[in-house]
Amino acid sequence: PKTQEKARLLETRRVAEDTHRIALYAPRITATARPGQFVMVRITSEGTDPLLNRPFSFHRIHKDDGLFEILFRVVGRGTWLLSQRKEGETLEVIGPLGNFFTLPPAHEETVALVAGGIGIAPMEEWGHRLAQWARGDEARRVYLFYGARTASEVVPTRRLERKGVTTFISTDDGTLGRCGTALDLLDQTCRDLSIRPQRLYSCGPLAMQAAVATWARQQNLPAVMSLESVMACGIGACLGCALPAVPPDDSSRIHYVHVCKEGPVFDSRKILW
Ligand code: FES
């Protein structure tokens, strides 16, 4: 159930270039939060700015402590203002919103997470959950293929690696890991090491998601995607987040899905790329 809560900002930390992680104490939202879901944060400033609502996926969920963390890049005024908020302040938060990731079916043993840029945000909590899933069966494997633009923008992945998620990194300029995109990294590493994922979970810019969707189709693999979109309301009221989708009934009518309401998690085959 979605709740509005005044969240206390417990910790704010810069974790990579222009990239911040914020811990929010919000026990009611945290109690029902699931990986893949998101919150809308109301960002206010002192001046005459209008209210800014921004969506952030759950980056880490700490049920026992009643807190969750979000991870974001400073890309505009809203995220810049958020990066300036101080520990001890409160923020109005609405959530949890949207649908969530679900565990692979019983016959699948090898899954791959694909993250591009700030798309790493929801993958941390989901990778953490999948690592628990993998501990239940020796044959299960979880891989992370994470691509960023350059080394200074790479968010540390040690926590996931410690949990048993085998991690590979690439950068567009080759300053860290393999040179290339997250998809190049996935494709090459799977060939080099004979890794055969049976399912992909991915998050990143739309162009990357489209490329991952095509790759998955060629490999005949299901790909579950957390889609980023411009969201103004987060609750299905503004239509700002609509994406063209495959019509459910074989008709040729244009069909749209709302990322905030029907998503943000989709089967890649449902979207018209
Ligand atoms: Fe307003 Fe989705 S963000 S309808």
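This is a predicted model: local features need pLDDT of at least 70, side-chain atom pairs count only at pLDDT 80 or more; totals for chains, interfaces and linings use all residues.
**Second largest pocket**

Domain 1 (3–97) and domain 2 (114–221) each contribute residues to its lining, so I place the second largest pocket between them. I noted a space of about 230 Å³ for this pocket. Its lining comprises 14 residues, and those nearest its centre are A33, R34, P35, E125 and R129. Helix α3 (residues 120–135) supplies the largest share of this lining, five residues. Sorted by class, I recorded seven nonpolar, three polar and four charged residues in the lining of the second largest pocket.

**Largest pocket**

I then turned to the largest pocket, whose volume is about 1,200 Å³. I found 46 residues lining it, with V75, I118, G119, G204 and E228 closest to its centre.

**Packing of α5 and α6**

Next I checked how helix α5 (residues 182–193) packs with helix α6 (residues 206–219): the angle is about 25 degrees and the axes are 9 Å apart. Angles under 35 degrees count as roughly parallel, and I therefore describe α5 and α6 as roughly parallel to each other. On the α5 side I listed A182, L183, L186 and D187, which meet M208, A211, V212 and W215 in α6. By class, I noted seven nonpolar residues, no polar residues and one charged residue in the contact of α5 with α6.

Technical notes. Residues are numbered from 1 along each chain as its sequence is written. Side-chain values use heavy atoms; hydrogens and water are left out. Axes are lines fitted to C-alpha atoms, for helices over the stretch in contact, and angles run from 0 to 180 degrees between N-to-C directions. Helices (H or I, at least four residues) and strands (E, at least two) are DSSP runs, numbered from the N terminus. Angles under 35 degrees count as roughly parallel, over 145 as roughly antiparallel, 65 to 115 as roughly perpendicular and the rest as oblique. Contact means heavy atoms within 4.5 Å. Ala, Val, Leu, Ile, Met, Phe, Trp, Tyr, Cys and Pro count as nonpolar, Asp, Glu, Lys and Arg as charged, and the others, Gly among them, as polar. On a 1 Å grid over the protein atoms alone, a cavity is a set of points where a 1.4 Å probe fits but cannot get out, and a pocket is an open set with protein on both sides within 12 Å along at least five of seven lines; lining residues have an atom within 4 Å of a point. Grid points are joined across faces, edges and corners, and a volume is the space filled by probe spheres set on the points. Domain bounds come from an automatic or database domain assignment.
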